[in-house]
Amino acid sequence: TRGEQDMLQGSHDQLKKQWKDDAEAVSRLREAFNENTKRISKALNSLQVLRSTCERKFYDMQQKLVDEHHKQEDRLVEVQDSVKNGISQSEAKLERQMVAFAEIQKELGDLRSN
């Protein structure tokens, strides 16, 4: 009947419109998903660059600290060697003075006994 055919045609038209609307919604969702994927990719790249920069700066700072530590150790060794050398020189000087003093005492003793 004509009424049934009109009703079927109306249902068919409504389904076609709904399918078209759904397809447009899916298309918009796909575009939004692609945009979000691009944003996430950019953010990840930025984070990787930041991480790389931080790692490099950390390594540089760590290397500076190690280098400074080695310089301080070297300086400490120099100071220790200098102090040891000064002590050795002072001991040798003191020993010479003691020998000279002993000689003077001997000479004084010889002079007194004469």
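Reader: To start, is Glu 35 buried or exposed, or something in between?

Author: Glu 35 is partly exposed, because its relative accessible area is 38%. Buried means under 20% relative accessible area, exposed means over 50%, and partly exposed is in between, with a 1.4 Å probe and protein chains only. Before going on, please keep in mind that this is a predicted model, in which local features need pLDDT of at least 70 and side-chain atom pairs count only at pLDDT 80 or more, while totals for chains, interfaces and linings use all residues. Residues are numbered from 1 along each chain as its sequence is written, and side-chain values use heavy atoms, with hydrogens and water left out.

Reader: Okay, and which side chain does Glu 35 meet in a salt bridge?

Author: The partner is Lys 38, at 3.8 Å from N to O. A salt bridge here is a side-chain nitrogen of Lys or Arg within 4 Å of a carboxyl oxygen of Asp or Glu. Glu 35 and Lys 38 are about one helical turn from each other, because they are three residues apart in helix H1.

Reader: How many salt bridges does a search of the whole structure find?

Author: The search finds six. One of them joins Lys 17 to Asp 21, with the closest N and O atoms 3.0 Å apart. These two residues both lie in helix H1, four residues apart, which is about one turn of the helix. Lys 17 counts as exposed because its relative accessibility is 54%, whereas Asp 21 is partly exposed, with a relative accessible area of 30%.

Reader: What about Glu 55 and Arg 51, what's the N to O distance there?

Author: Their side chains meet in a salt bridge at 3.0 Å. They are four residues apart in helix H1, so about one helical turn separates them. Glu 55 counts as partly exposed at 43% relative accessibility, and Arg 51 is exposed at 58%.

Reader: What share of the residues counts as buried?

Author: Of the 114 residues, 0% count as buried. The accessible surface comes to about 11000 Å², and 58% of this belongs to carbon and sulfur atoms. Such areas come from the Shrake-Rupley method with a 1.4 Å probe, and for residues only the protein chains shown count as cover.

Reader: Which residues make the nonpolar surface patch?

Author: Ile 40, Leu 44, Leu 47 and Leu 50 make a patch of about 400 Å². Patches are made of residues with over 30% relative accessible area and no salt bridge, where like charges are joined within 9 Å and nonpolar side chains (Val, Leu, Ile, Met, Phe, Trp, Tyr) within 5 Å. Ile 40 is exposed, with a relative accessible area of 51%.
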